[in-house]
Amino acid sequence: MPLIRLDLPRDGRLPAEAALHLDRALAAAPAGPVVAMVHGMRFSPRVPALSPHRHILALDPAERARRVVSWPRALGFGGAGEGEGHCEGDGEGLAIAIGWEGCGPPWRAWAAAGRAGAGLAAIAARLDARGDGRPLDIVAHSMGARVALAGVSAAAPGRIGRVILLAAAEFACTGAWAAASPAGRRARFFNVTARENGLFDAALELGFGAALWRGLGRGLPGAGPHWVDLDIGCAETRAGLAALGFRIGGGTRRICHWSPYLRPGVFALYTAILRDRAATTPAILRAALPCRAGTAAPRRSLRIGGIGPPPGRTA
């Protein structure tokens with residue numbers, strides 16, 4: 001069973017039935033990473049037409065569109081064959097498709113994403129309780145990064161492994177908070193940004209941060225040795241990754257929120273990170289990148305204040 005589905009209700013808690021389903025899947029899962037895949041806004045597991053389980057989180061998506069890529073297959077689950085995520089010789093592990101309520105007005109999805117972090121932390125705790133030493137890895141897009149970082153902040157030390165954030169719709173202060181949390185200090189963070197996501201980064205800063213907080217799309221310099229910003233929209237970054245054996249294609253659109261999972265070659269990098277292959281630690285990646293998100297060739301930000309505490313929290 002390479003893929004299971006776990007849906008979190010609006011309160012973010014892991015339902016008892018889902019917990020039992022997870023326990024059975026973990027008992028049967030082969031060696032390899034356990035990866036939680038978290039979608040962004042505009043999806044709802046309760047609405048068939050909007051379900052992420054028919055879309056990017058499916059092994060065989062029912063939807064057919066340019067933006068539909070099977071994340072689990074691309075990451076090496078379910079018989080990837082010769083695709084980007086081909087994992088011959090590796091234990092396949094288990095992919096967990098996390099559904100959360102991302103539909104409705106943006107403010108409602110924002111609140112739901114924050115609550116869903118508790119469910120993600122509960123999943124990590126059940127994995128830890130098995131005692132086989134495998135942490136929970138996370139791949140999250142857009143507002144799913146808010147779910148991921150809330151989960152890291154709520155988890156116990158050692159329960160979170162690698163966290164890959166794709167065009168994160170969250171603030172830098174929240175990323176710093178999660179990276180400095182007990183679980184975050186023992187995790188590895190890969191913040192994948194893209195210049196073609198700039199309009200969405202600006203919308204986040206203006207719409208949710210009142211132009212006071214900087215988005216993670218600007219990078220998080222100084223977060224520590226366990227964090228790396230990867231601006232795949234930067235040609236120098238792609239050249240540095242190519243030198244390590246990861247060839248990322250150039251973007252074809254000036255504005256695109258989905259390029260961190262649509263650009264050719266990106267899933268080969270993510271798979272290598274999740275399967276602990278050589279040259280994929282934050283330190284090695286950071287040393288290979290002459291152009292880093294938030295430092296070289298910075299993009300315009302609407303931010304007028306400091307990094308500040310996350311909205312709803314005090315410093």
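Two strands pair if DSSP finds at least two bridges between them. Helices (H or I, at least four residues) and strands (E, at least two) are DSSP runs, numbered from the N terminus. This is a predicted model, in which local features need pLDDT of at least 70, side-chain atom pairs count only at pLDDT 80 or more, and totals for chains, interfaces and linings use all residues. Residues are numbered from 1 along each chain as its sequence is written, and side-chain values use heavy atoms, with hydrogens and water left out.

Stop 1: You have an open sheet of seven, in the order 1-3-2-4-5-6-7, with parallel pairing. Strand 1 (3-7) and strand 7 (227-231) are at the edges with a single partner strand each, so one side of each has no neighbour in the sheet. From one strand to the next, the twist averages 15 degrees (axes are lines fitted to C-alpha atoms, for helices over the stretch in contact, and angles run from 0 to 180 degrees between N-to-C directions).

**Stop 2: strand 5.** Now pick residues 160-166, which are strand 5. Seven of its seven residues are buried (under 20% relative accessible area, with exposed over 50% and partly exposed in between; 1.4 Å probe, protein chains only), so strand 5 is largely enclosed by the rest of the structure. Five bridges join strand 5 to the parallel strand 6 (residues 188-193); show Val-163 and you will find Phe-189 of strand 6 opposite. Strand 4 (residues 136-141) also runs parallel to strand 5, joined by five bridges, and Ala-140 stands opposite Leu-165.

**Stop 3: two crossing helices.** Select helix 3 (residues 106-129) and helix 4 (residues 144-154), whose axes come within 7 Å and cross at roughly 45 degrees. That makes helix 3 oblique to helix 4 (under 35 degrees is roughly parallel, over 145 roughly antiparallel, 65 to 115 roughly perpendicular and the rest oblique). Show side chains at the contact (heavy atoms within 4.5 Å): helix 3 brings residues including Trp-110 and Leu-120, while helix 4 brings Arg-146 and Val-147, among others.

**Stop 4: Arg-263.** Finish in the loop between helix 8 (259-262) and helix 9 (266-274), where Arg-263 lies. Is Arg-263 buried or exposed? At 5% relative accessibility, Arg-263 counts as buried. Leaving aside residues up to four places away in sequence, Arg-263 touches several residues, among them Glu-196, Ile-232 and Arg-238.
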